[in-house]
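Have a look at it first, then work through each task and its solution.

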Amino acid sequence: MKTKRRVAFSLLLALILVAVAAAMMVIGRGHTVYFDNKTLEDYQGQTYKAANKIVVTVKGEEVAKLGPRERGMSIWIGQDFKMVLEITQEKGGESEIREIDLKLPYNVDGIVVNLPALLAGLPEEAWFSEFVPAETEAPEEEVTGDEFGLDGGMGLEDELGLEDGLGDI
């Protein structure tokens, strides 16, 4: 009797853990969303010009104020991304406010959104791209010392406070 009860509770606990893990996988996925205010050149024969200024607000907080050729970013958890854009096309012109809802792909961490293409109503292939960080080469370390990596300077004996390197042998 006790064994059946123990097995039942173990299975119930395992089922609850799997359900929580599945829910967190969908709900808790974090994304970094980058906003580009860059001119989109020659997309199907047309050019979509960058706005003079775009102010991006996410969750009631201003996260970016973008001029032409500038990029901003925001961190978002979940798949349904919402932002408010205040767009000024020409310097000194009237600003227009647009609310945007996007469905973020689950399998992409860094998402780049080209705002002029998005605002023009172009398909996802035109305004969406995955952020790929630029590779930087690590500076080469200067190697000194002999073939065994010993430099003849401060060795173990100096670090241990031993004066002649032999200790108290």
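**Getting started**

Val20 sits in helix H1 (residues 2–27); helices are DSSP runs of H or I with at least four residues, strands are E runs with at least two, and both are numbered from the N terminus. Keep in mind that this is a predicted model, where local features need pLDDT of at least 70, side-chain atom pairs count only at pLDDT 80 or more, and totals for chains, interfaces and linings use all residues. Residues are numbered from 1 along each chain as its sequence is written, and side-chain values use heavy atoms, with hydrogens and water left out.

**Exercise 1.** Work out which surface patch Val20 belongs to.

*Solution.* Start with Val20 itself: its relative accessible area is 47%, so it is partly exposed. The classes are buried under 20%, exposed over 50% and partly exposed in between (1.4 Å probe, protein chains only). Patch members have over 30% relative accessible area and no salt bridge; like charges are joined within 9 Å, and nonpolar side chains (Val, Leu, Ile, Met, Phe, Trp, Tyr) within 5 Å. The areas come from the Shrake-Rupley method with a 1.4 Å probe, and for residues only the protein chains shown count as cover.

**Exercise 2.** Find the salt bridges, and say where the partners sit.

*Solution.* A salt bridge needs a side-chain nitrogen of Lys or Arg within 4 Å of a carboxyl oxygen of Asp or Glu. Searching the whole structure turns up three.

- Step one: Asp36 pairs with Arg71, with the closest N and O atoms 2.5 Å apart. Asp36 is in strand E1 (residues 30–37) and Arg71 in strand E6 (residues 70–77), so the pair ties together parts 35 residues apart in sequence. Asp36 is buried at 5% relative accessible area, while Arg71 is partly exposed at 42%.
- Step two: Lys103 and Asp80 meet at 3.0 Å, N to O. This pair links distant parts of the chain, with Lys103 in strand E8 (residues 95–103) and Asp80 in strand E7 (residues 80–88), 23 residues apart. Lys103 is exposed at 58%, and Asp80 is partly exposed at 43%.
- Step three: Glu62 bridges to Lys65, the closest N and O atoms being 4.0 Å apart. Glu62 is partly exposed at 46% relative accessibility; Lys65 is exposed at 52%.

**Exercise 3.** Describe the surroundings of His31.

*Solution.* First place His31: it lies in strand E1. With 1% relative accessibility, His31 is buried. Then check its contacts (heavy atoms within 4.5 Å). Leaving aside neighbours within four places in sequence, His31 touches residues including Ser74, Trp76, Leu104, Tyr106 and Val108. Finally, zoom in on Val108: its backbone oxygen lies 2.8 Å from a polar atom of the His31 side chain.

**Exercise 4.** Track down the aromatic pair that Trp76 forms with Phe81.

*Solution.* Rings of Phe, Tyr and Trp (its six-membered ring) pair if their centres lie within 6.5 Å; planes under 30 degrees apart are stacked, over 60 edge-to-face, and the rest tilted. The whole structure holds four aromatic pairs. In one of them, Trp76 and Phe81 are edge-to-face, 5.1 Å centre to centre with 85° between the planes. Trp76 is buried at 9% relative accessibility, and Phe81 is buried at 0%. To finish, step back: ring pairs link Phe35, Trp76 and Phe81 into a cluster.

Terms used:
Polar contact = N/O pair within 3.5 Å; in protein donor to acceptor, adjacent residues only side chain to side chain.
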